[in-house]
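Trainee: Can you walk me through this one? I'd like the cut-offs as we go.
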Amino acid sequence: MNFRNIKVKQLKTIHEILTMDLPRYDKDVQILSYLTGKTTDEIDNWKFYKSNFYRDKIAFLYGETDGFRVKKYIFVKGRFYKLLTDIEYFSASRLLSLKAHLQNGGADVNLAKLASQCYKPVGYHGDIYEHGNYTECRADVIKQMEVAFEDARISQIAGGVFFYSVISKRLNDLMLVRMMEAEGAMMEISQQARSLQNIGVGYT
């Protein structure tokens with residue numbers, strides 16, 4: 001089995017094992033049992049060199065290796081997606097979603113949801129859907145992406161998602177700026193509405 005082909009939807013069970021109060025060896029045995037379909041007793045009886053070989057293959061799940069390459073384009077479930085790398089142009093909505101997913105479980109439990117905010121569908125002629133890189137996808141498109149990314153390999157999307165995890169401090173800074181911009185816009189709209197009321201313009 002190629003452990004780099006572990007699917008995103010398998011992360012939930014793996015995360016549950018990783019957070020158990022067990023020695024590292026016992027966690028490895030349970031993870032290998034889950035991924036290979038063999039019993040824990042079978043894996044426990046592997047030869048020393050075989051056990052070490054496969055335990056080394058899943059070490060990346062503990063975040064102890066260099067991780068995955070950041071892939072600008074990925075192909076999942078019959079469609080190409082492009083990584084959006086310039087967070088300066090992210091909307092407040094996208095930044096809020098990223099921040100919420102990072103804070104409420106992070107990549108361990110929200111990898112598909114995070115990826116749906118980091119990537120966008122690409123058209124057949126290389127165009128980004130939804131009229132540009134950084135405009136918002138419709139809610140149903142984001143939901144479709146979340147479902148599709150559950151079947152993606154971790155190695156396909158983890159690099160892009162972890163790219164955003166690393167720069168989460170920058171995301172927080174941008175969040176503050178976007179929220180201040182939004183607050184300023186709402187104040188301006190409110191002032192305009194009051195002005196209209198003062199000159200007798202009503203609403204229907």
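Mentor: Buried means under 20% relative accessible area, exposed over 50%, and partly exposed in between, with a 1.4 Å probe and protein chains only. Helices (H or I, at least four residues) and strands (E, at least two) are DSSP runs numbered from the N terminus. The model is predicted: local features need pLDDT of at least 70, side-chain atom pairs count only at pLDDT 80 or more, and totals for chains, interfaces and linings use all residues. Residues are numbered from 1 along each chain as its sequence is written, and side-chain values use heavy atoms, leaving out hydrogens and water.

Trainee: Which residues of α7 are exposed?
Mentor: Ala-139, Lys-143 and Val-147 are exposed.

Trainee: And which ones are buried in α7?
Mentor: Val-141, Ile-142, Met-145, Glu-146, Ala-148 and Phe-149.

Trainee: Why the spacing?
Mentor: An α-helix has 3.6 residues a turn, so residues three or four places apart point the same way.

Trainee: New topic: is Asp-28 buried or exposed?
Mentor: Buried, at 1% relative accessibility. Asp-28 lies in helix α2, residues 24–36.

Trainee: What does Asp-28 touch?
Mentor: Arg-55, Ile-58 and Tyr-62, not counting residues up to four places away in sequence. Contact means heavy atoms within 4.5 Å.
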